[in-house]
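Trainee: I'm new to this one. Could you take me through a single part, the sheet and the rings around it, in one go?

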Amino acid sequence: NTHGFRLRSRDVFATLDAALESAEDRLLGAPRGARDDAMSLVDVLADYLRDNDDTTLASLLDKAGKLENYFDSAQVLDGTALFHAGEAPEKIFFLACGVVDFVWGDAHFPPLVTTSTPFSRRILRIKRGGVCGELNFFLKRPQRFSAKAASDCHVYILSRAKANLMCDRD
C-alpha cells in the first residue's frame, strides 16, 4: 500500500492523525471505563481545590455532603456526546471514570478549513478525574469542540441553574 501511514509493519492508517491517535492511545493506555474504579465527587473536586490558596474554595470540601446536592450523577455510554460544538455551554462534566475525547470538525460544527473528504480530529483526551466544558461555561461562549465518550463513563454534572443556586445559597 503506497498510501497511508505505518506505525508497525501490520498497522496502516488512512491519515497521519489516525496514526498519531493510535500511538497516543498506546502510550497512555487503552481507554478504561470500569465502574469499580470510579472516583467520588469529593475526590474529583479535591484535585481542583486542594492546591488553591483561596480558603473559600477549599472550604467547599468541608461541605461535601451539601455540595453533592448541586451535582447530578450519570452514566454515559461509549460513543455518546456530552456536548456538541456550537451548543450553549449549560453544564460542566467531571469524570469519575472513563475517557472523553474532544473532537474538532464533527457534523455539528465543521472545521474552518474545508477539504474534499469529511474528517474529524481528536484534539484532547481526558480521563478519570478530568473535567470538560468548564471554560466555555464560565466564558458563556458556545462550545468550540464536541466532547464524546471514548468509553463508558460515570460523570458528575454541574448545570448552570444549579451553579447559580449554589452561589445564591452558599
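Mentor: Let's start with strand β6 (residues 99–104), which is joined to β7 by 6 bridges, the two running antiparallel. Strands here are DSSP runs of E with at least two residues, numbered from the N terminus, and two strands pair if DSSP finds at least two bridges between them. Along that pairing, V99 sits opposite K127 of β7.

Before going on, bear in mind that this is a predicted model: local features need pLDDT of at least 70, side-chain atom pairs count only at pLDDT 80 or more, and totals for chains, interfaces and linings use all residues. Residues are numbered from 1 along each chain as its sequence is written, and side-chain values use heavy atoms, with hydrogens and water left out.

Now step back to the whole sheet: it is open, with 4 strands in the order β4-β9-β6-β7 and antiparallel pairing. β4 (81–83) and β7 (121–127) are at the edges with a single partner strand each, so one side of each has no neighbour in the sheet.

Next, the rings. F83 and F102 have ring centres 6.3 Å apart and planes at 70°, so they make an edge-to-face pair. Since F83 belongs to strand β4 and F102 to strand β6, the pair ties together parts 19 residues apart in sequence. Both F83 and F102 are buried, meaning under 20% relative accessible area (1.4 Å probe, protein chains only). Along with F93, F83 and F102 form one aromatic cluster.

Definitions and conventions: Phe/Tyr/Trp six-rings, centres within 6.5 Å; stacked < 30°, edge-to-face > 60°. Buried < 20%, exposed > 50% of the residue type's maximum accessible area, 1.4 Å probe, protein only.
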